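Take a look at the model below. Start with the whole chain, then pick out one residue.

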Amino acid sequence: WIQQDPKLLALHDDVGVLYLQLNRPLDAVRHFAISTAFQQASAAAHFNLATALTMAGQLNSATAEYHKALTLRPDYAQAHNNLGGILLRTGKIDEALPHLTEAVRLDPANAQAHYNLGAARQQQKQTADAIASFRRSLQISADQPAALADLAWLLATTREPELRQPTLAVQLAERAAVLTGRQDPAALDVLAAAYASAGDFTRAVTAAEAALTLGPVNTAEIT
């Protein structure tokens with residue numbers, strides 16, 4: 001009955017949100033697309049559609065919708081963060097950085113934006129800046145396994161001695177391992193690196209073997 005009156009835009013939006021919560025992004029895309037078709041001047045409508053498209057894995061279309069949202073509302077902090085996140089995931093670091101920098105400027109309390117900015121800076125080999133971004137993200141929201149692991153990795157493995165903090169790296173990596181139930185091979189690999197950095201090679205070997213038992217290691221997959 002919703003389809004009988006496409007102008008019931010709020011209802012389409014509500015149903016789209018429900019589909020996202022049910023992890024049915026393609027159904028969400030259908031409803032948000034109808035809403036957006038009747039609200040071309042709404043930054044929020046384009047943002048909602050972009051979010052659903054992202055969850056559906058349609059990143060090119062999502063990128064286009066985020067750009068539309070930002071054209072209509074340049075100060076849309078979450079749109080900057082989400083677009084920057086897509087660009088980061090697709091290896092377009094130079095394009096991601098301005099959006100992520102703007103996201104944290106507009107919304108300094110956004111932990112995810114600080115984390116994304118840190119990840120981009122890490123890719124750019126800007127180690128000190130990456131550490132600062134990860135630290136800020138964790139100050140806002142402490143129990144983020146990916147941020148904990150990424151910060152621990154940098155503090156344990158950086159070649160810049162003034163930035164290396166093995167003891168803190170172990171603490172952060174141990175927390176990441178606990179939060180992932182010690183079932184995430186990437187988190188355990190970071191833990192092994194932190195132990196090795198701190199000179200605890202027995203524990204490093206144990207953590208590395210546990211990681212290998214669980215499967216291939218990819219630190220980008222820590223959730």
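The report below goes from the overall fold to a single side chain.

## About the model

This is a predicted model, in which local features need pLDDT of at least 70, side-chain atom pairs count only at pLDDT 80 or more, and totals for chains, interfaces and linings use all residues. Residues are numbered from 1 along each chain as its sequence is written, and side-chain values use heavy atoms, with hydrogens and water left out.

## The chain as a whole

The chain has 12 helices and zero strands. Helices (H or I, at least four residues) and strands (E, at least two) are DSSP runs, numbered from the N terminus. The C-alpha trace spans about 65 × 35 × 25 Å along its principal axes.

Contacts are heavy atoms within 4.5 Å. Among contacts in the chain with a separation of 6 or more, 48% join residues 24 or more positions apart.

## Inside and surface

The chain has 223 residues, and 48% of them count as buried. Buried means under 20% relative accessible area, exposed over 50%, and partly exposed in between (1.4 Å probe, protein chains only).

The accessible surface of the chain is about 11300 Å², and carbon and sulfur atoms hold 52% of that surface. Such areas come from the Shrake-Rupley method with a 1.4 Å probe; for residues, only the protein chains shown count as cover.

## A look at Asp13

Asp13 sits in helix H1 (residues 9-21). Asp13 counts as buried because its relative accessibility is 19%.

Which residues does Asp13 touch, not counting those up to four places away in sequence? They are Phe32, Ser35, Gln39 and Asn48. Val29 is 16 residues from Asp13 along the chain, and their C-alpha atoms are 10.0 Å apart.
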